[in-house]
Amino acid sequence: MSELLVTRYDRVLQLTLNRPAARNALNNALLTQLAEQLEAAASDNTLSACVIYGSERCFAAGADLNEMAEKDLPATLNDSRPQLWKRIDAFNKPLIAAVNGFALGAGCELALLCDVVIAGDNARFGLPEITLGIMPGAGGTQRLIRCVGKSLASKMVLTGEIITAQQAQRAGLVSDVFPASLTLEYALKQAALMVRHSPLALQAAKQALRQSQEVPLQAGLAQERQLFTLLSATEDRREGIDAFLQKRTPDFKGR
């Protein structure tokens, strides 16, 4: 049985984590499949967005502790895992997490890596690594503090405390909360709204948004303007303006 299920809806790709017996624990094999699928989707001009889903009961309950327990210091230093996370993070199109149940440890880090997080009302988010004598190691400390602020991020990392979907929404980690049975449906609807727009504009906007978390304001503003200017040379930009003036639906081609 495949640990990653792949479903396509027109221009939207759905990747479903499928290790139910392990509560979708993210081992290296699953992360490799995820990276490979996203890399293929990045180069596929007929795909414009991706949704990552677990199930109605669990998104991903963390890293695979059985796999982690086997690694000593040299093995951890030479682990391929950081490169796998980097490959996933390099996905250049909108990435939506549809989260039900536990998104803990690496599962929370995967959600934080996504552009939009849509949660079921049963979702729970946390970085409980401190309770195991370790700490987050796949971007949790860096992305969470940029997302929810110093105080809440520090509390979650230093205590291992888990927060609810509603708390996560108030803190800015989650955009929307729905009944768990509807989470995936609404995530796919959000993706469908996105892919109606120009693929080039979507990628440029994502790049600018990412830059806002990584560079000073003036550098971010310069990057934003550069991307805005580059889009002015695209056929999609002309099509978008013409369609608006002619009161019709635009037909974007990604050119």
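The second largest pocket of this predicted model has a volume of about 710 Å³, where volume is the space filled by probe spheres set on grid points joined across faces, edges and corners. A pocket here is an open set of points on a 1 Å grid over the protein atoms alone, where a 1.4 Å probe fits, with protein on both sides within 12 Å along at least five of seven lines. Local features need pLDDT of at least 70 and side-chain atom pairs pLDDT 80 or more, while totals for chains, interfaces and linings use all residues. Residues are numbered from 1 along each chain, and side-chain values use heavy atoms, without hydrogens and water.

The lining of this pocket comprises 26 residues, and those nearest its centre are Leu 112, Cys 114, Asp 115, Arg 210 and Gln 213; a lining residue has an atom within 4 Å of a point. Helix H10 (199-212) contributes the most, with 6 residues, and H5, E7 and helix H6 (140-148) each give two or more. Helices (H or I, at least four residues) and strands (E, at least two) are DSSP runs numbered from the N terminus.

Two of these elements lead on to the sheet. Strand E7 (residues 116-120) pairs with E10 in the parallel sense over 3 bridges, pairing requiring at least two DSSP bridges, and Gly 120 has Phe 178 in E10 as its bridge partner. The open sheet, of mixed pairing, has 6 strands in the order E1-E2-E3-E5-E7-E10, with E1 (4-9) and E10 (176-178) as its edge strands.
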